[in-house]
Amino acid sequence: MINVNGLRKRFGAVTALDGMTFTVPAGQVTGFVGPNGAGKSTTMRVILGLDTADSGEALIGGRPYRELRNPLRHVGALLDASAVGPSRTARNHLLWLAHSQGLGARRVDEVLQEAGLTSVARRRVGGFSLGMRQRLGIAAALIGDPPALMLDEPFNGMDPEGIIWMRRFTRALADAGRAVLVSSHLMNELEDIADRVVVVGRGKVFADAGVAELLAAVSDGRVTVRTTAGGPAAAVLEAAVLAAGGGSVTPAGPDALVVAGLSAEEIAGLLGRHDVPFSELTAHRATLEDAYLNLTRDAVEYRATVAGEGR
Ligand SMILES: Nc1ncnc2c1ncn2[C@@H]1O[C@H](COP(=O)(O)OP(=O)(O)OP(=O)(O)O)[C@@H](O)[C@H]1O
């Protein structure tokens, strides 16, 4: 588990962190979302001891990074995928890292395999695409088989196939019991992989909540019914909505109705019992992007952050 508690950090006149506080629990993907300049990278750098906070603390498994012996066995990070020397081969880069942590070549070959890099292991990193560099960054983060991982904008610059791979991989890392922190400036990148999201702006946490809870808050429970029997369907559903004490049935085009106040299961049962034919029922699914907009809708301070700090 990673604990970040009251981190403050200034760079000259810029306040990068302003009391940043959150936890990254084991077995979950925690999304770390906010606009450019919100303080995500600085937080990760402080956790990893690459930057020092002016005050507050960041703990990995209860200890600050600088107190960890063989730190890569405690936490792995994907920060800047372009940071590897271009003339090194992927395998040599990982061997060097492994040796620094008292690990051998066997572990290197394992992580190369896990990251899907075995076939290019002896190629120079200078010729790697950004996607391959991201995979190498993941292999490096995993070298010490750490219980905690931090991935800073892991989807940046990846092609669609790489994005799918990275999403599945991230999810699997958490399912295997690790604490995983994934930063992104786009909420929808975290759809289906994050269990929780920590939304940040101007160096502090703006919202910290479970994804299921966030989606439930914005889900309006509407269902679209596609049917050629619009009249009879509307009659049956309007009666049911009335009996349920609230909701609505609204025509939407020549062969569709939008129903609020009844679940898709209830609608299917009702239409079936009344022999009203239908070809499709679609429950409207709220997205994380909807949740993000809902969270930040009333926040003047946050809107100002979003509008003013794009790089
Ligand atoms: N080394 C530095 N020197 C001066 N200012 C810095 C430095 N590092 C970060 N900052 C500033 O601190 C603030 C937070 O930056 P940070 O990179 O942590 O944000 P971020 O949320 O990770 O955004 P991005 O997605 O753009 O990386 C920004 O205003 C940034 O310009």
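Predicted model: local features only at pLDDT ≥ 70, side-chain atom pairs only at ≥ 80, totals over all residues.
Reader: What makes β7 largely enclosed by the rest of the structure?
Author: Burial here takes 20 or more other C-beta atoms within 10 Å of a residue's own. Six of the six residues in β7 (residues 179–184) are buried, so the strand counts as largely enclosed.

Reader: And which residues cover the two faces of β7?
Author: Ala179, Leu181 and Ser183 sit on one side, with Val180, Val182 and Ser184 on the other, and they are all buried.

Reader: How do you know that β3 and β7 pair?
Author: Pairing asks for at least two bridges. Strand β3 (residues 28–33) has six bridges to β7, and the two run parallel, so by that cut-off they pair. In one of these bridges, glutamine 28 has alanine 179 of β7 as its partner.

Reader: Which residues are closest to the ligand, and which element gives the largest share of the shell?
Author: The shell holds 13 residues, with Phe11, Ala16, Asn36, Ser41 and Thr42 the closest. The largest share, three residues, comes from α1. By class, the shell has four nonpolar, seven polar and two charged residues.

Reader: Where do the domains fall?
Author: The assignment gives domain 1 (2–216) and domain 2 (220–283), with C-alpha centres 46 Å apart.

Definitions and conventions
Residues numbered from 1 in each chain as written. Near = placed C-beta within 6 Å. Helix = DSSP H or I, 4+ residues; strand = E, 2+ residues; numbered from the N terminus. Nonpolar A, V, L, I, M, F, W, Y, C, P; charged D, E, K, R; others polar. Domains from an automatic or database assignment. Buried ≥ 20, exposed ≤ 12 C-beta atoms within 10 Å, placed from the backbone.
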